Amino acid sequence: MKELFDQLDFVENPLYENIITDLIEQQYSIIDDFFSPEEVTLLRDSLLEKYEEDNFKKAAIGNKFEEKIINAIRGDFVLWIDEKKNDPSEQLFFSKINNLVSYLNETCFLGILHKEFHYAVYPKGTFYKRHLDTFQNDNRRKLSFVCYLNDDLWKNDNGGELTIYKTENNQEITKNIYPLPGRIVIFESQVLEHEVKPVLAAERYSITGWLKTR
C-alpha cells in the first residue's frame with residue numbers, strides 16, 4: 001500500500017528529466033544556473049573563507065589506500081565537505097543534491113547510497129591531466145558531479161575548461177565545458193575520460209564529487 005501512495009505522490013521534474021535524457025543519450029549533462037547567483041555567492045564565500053584559513057590540502061591521485069601527490073598530473077587544492085556539519089551554505093548545497101539523488105533513484109533505480117564532495121581550487125598554471133574517475137579496486141562511483149563557483153567576471157580565455165572525451169562511430173570527439181558560475185556538469189564516472197585544462201588567469205573554484213553505489 002505504501003508503494004502505491006509513493007507512486008501517487010510522484011511529481012515529474014522537467015529539469016531532472018532533461019538530466020536523465022542527457023545521460024542516456026550522451027553520457028553527460030550540462031545544466032546552467034542549477035545554482036542561483038545568490039547561492040553561488042554563498043558557496044564561493046564559504047570556499048574562500050576556508051581556503052584563506054589554510055584548511056585546503058594538495059590534491060592526490062589514487063584512492064585513500066594508495067594516494068600520491070604528483071604535480072605533473074594534477075595541481076589543485078581540495079577540502080572535503082562533511083554533510084553533517086551545520087554550515088548553512090553547504091546544507092543548501094546538499095539539499096539540492098539530495099533532491100536530485102532521490103529523483104534519480106526513484107526513476108532510474110540507480111541505487112545511489114553514498115556521496116562524497118570536496119571544494120577545489122585551481123591556482124593559475126594548474127591542471128588535471130586526462131583520467132577516469134574510477135579505481136581498479138573500487139568501482140562504486142556511478143556519476144561524477146562538478147559545480148562551478150567562479151564569479152560573473154570569469155572569462156573563457158582564463159582557461160580551466162573541463163574537456164570530456166568520448167567515442168562516436170569509432171572516432172574520438174571532445175567536448176569543452178567552461179566553468180561558468182552556477183553551472184553543473186554530471187557524467188558517467190566509469191565511462192568518460194576527462195581533464196581540466198590549465199588555468200591561464202585567476203583561480204578556478206568548484207565543488208567536485210561523486211554519487212556512489214553500495
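Trainee: Which are the buried residues of α2?

Mentor: Buried means under 20% relative accessible area, exposed over 50%, partly exposed in between (1.4 Å probe, protein chains only). Helices (H or I, at least four residues) and strands (E, at least two) are DSSP runs, numbered from the N terminus. In α2, the buried residues are Tyr16, Ile19, Ile20 and Leu23. Seen down the axis of α2, they fall within an arc of 95°, so they line one face of the helix. That arc is taken from the directions from the helix axis to the C-beta atoms.

Before going on, note that this is a predicted model: local features need pLDDT of at least 70, side-chain atom pairs count only at pLDDT 80 or more, and totals for chains, interfaces and linings use all residues. Residues are numbered from 1 along each chain as its sequence is written, and side-chain values use heavy atoms, with hydrogens and water left out.

Trainee: What do the buried residues of α2 pack against?

Mentor: Contact means heavy atoms within 4.5 Å. The partners are β1 (28-31), α4 (88-108), β6 (141-148) and β9 (184-188). On the face turned away from the buried side sit the exposed residues Pro14 and Glu25.

Trainee: How many Å should helix α2 span?

Mentor: The expected span is 1.5 Å times one less than the number of residues. For the 13 residues of α2 (residues 14-26), that gives 18 Å; the end C-alpha atoms are 18 Å apart, which agrees. After α2 comes Gln27, with a positive phi near 70°.

Trainee: Is Phe117 buried or exposed?

Mentor: Phe117 is buried, with a relative accessible area of 1%. Phe117 lies in strand β4 (residues 112-122). Leaving aside neighbours within four places in sequence, its contacts include Trp80, Phe93 and Trp210.
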